[in-house]
Amino acid sequence: MTILDTIIQHKYIEVAKRKLHTPIEQLQQSLLYQQPRLSLIKALQQPQATGIIAEFKRKSPSKGFINQNADAATVTTGYAAAGASALSVLTDELFFGGTTADLLAARVNQIPILRKDFIVDAYQIEEAKAMGADVILLIAACLTPIEVKNLAQYAKQIGLEVLLELHDETELQHVCEDTVLVGINNRNLKTFEVDIAAAINMSQLIGADKIKIAESGISEKATLQRFKAAGYKGFLIGENFMKTNDPAAALQSFINN
Ligand SMILES: O=P(O)(O)OC[C@@H](O)[C@@H](O)c1c[nH]c2ccccc12
C-alpha cells in the first residue's frame, strides 16, 4: 500500500464523520457560502500575472515538517502583497498539518484560493465553498474518470472552479469538459519522486483549450521560465517558500530575481 492509498483510506473515514457532525444544509447556510467567488481562470489570463500560486503548507508526508508554526494570515497576506496570482492552502490535517482555520484566515485576501485536499466526495466541495475557497483540486491518481466528471460538474454547479491534477499520460482520460484548469504534478504521489520533466513532457499532450499549471519542485526562476515557454500559465510553489522563516519575502525575491 502506498502512502496515497493510506491518505485516501483515511479521507473516506474522516469525511463520513464530518457528514454526521455537520449536515450539508448547515454548510450551505454559512455566511461565506453565500459570497461571490473569484476566478483562477481569469487571474491566470491577466497579461501582467506572475502566474504563481503560492502555497501554505506546514508539513508533508514526503518532507516531514516544513514550517510547523507558520501563521496562515501573515504568510498569505504577504504572498498576495508580493505578487502571487492565487493562493493554495492545505486543509488536510493528519498528513499536511493544515486546517479549515488556515483557509478561513487566508480568505482576507482578494485573490483566488485553492482548497488543497484529497477530494473523494461532493460533501468536501460543499465544505470548500463554506470555508470561502474559489477552486477545488481533483487528483486523477485517486479518482476514476467518471468520479472526476461527476465531482467537476458538481463544483461547477455551485460556482467553484476545478483544478484537475495529472502526473503522467496514463491519466489523460481524466480530462473532461468541466476541467479547464489542468495541473501537471512533477511529484509522483506514489513514490514522491520529483522530476520537472513530467510537466515538460506532458505539456503538448494537453489540449490548447486548457489552462496549464505546473506543480511541485519549483525552486528556480529558470525552471518557471522553462514551463512558461512550454505553455504553462500557472506555477504552484510551496516548499521553496515555506521552508524559509519568511515565506512572503522568499516569494518576493523569487519574483525579483
Ligand atoms: O512544495 P512544492 O514542491 O512546491 O509543491 C507544491 C504543490 O505542488 C504540492 O504541495 C502538491 C501538489 N499536488 C498535491 C496534492 C496533495 C498535496 C500536495 C500537493
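Start by selecting helix α8, residues 122-130: 7 of its 9 residues are buried, which makes the helix mostly covered. Keep in mind that this is a predicted model.

**Inside α8.** Show side chains for Gln124, Ile125, Glu126, Glu127, Ala128, Lys129 and Ala130. These are the buried residues of the helix.

**Around α8.** Next, colour the elements that cover those buried residues. Among the helices are α1 (3-21), α2 (24-28), α3 (31-34) and α9 (145-157). Strands β5 (113-116) and β6 (135-139) also belong to the cover.

**Just past α8.** Move on to Gly132. Its phi is positive, at about 95°.

Colour the shell by residue type.

**The whole chain.** Zoom out and switch to cartoon. The protein chain carries 13 helices and 10 strands. Along its principal axes, the C-alpha trace spans about 50 × 40 × 35 Å. How does the radius of gyration compare with that of a compact globule? For 257 residues such a globule would have a value near 18 Å, and the chain's 17 Å agrees.

Colour by burial: 44% of the 257 residues are buried. Last, draw the contacts between residues at least 6 apart in sequence. Of these, 66% join residues at least 24 apart.

Definitions and conventions: Residues are numbered from 1 along each chain as its sequence is written. This is a predicted model: local features need pLDDT of at least 70, side-chain atom pairs count only at pLDDT 80 or more; totals for chains, interfaces and linings use all residues. A residue is buried if 20 or more other C-beta atoms lie within 10 Å of its own, exposed if 12 or fewer, and partly exposed in between; C-beta atoms are placed from the backbone. Helices (H or I, at least four residues) and strands (E, at least two) are DSSP runs, numbered from the N terminus. Two residues are in contact if their C-beta atoms, placed from the backbone, lie within 7 Å. The radius of gyration is taken over C-alpha atoms; the globule rule is 2.2 Å times the number of residues to the power 0.38.
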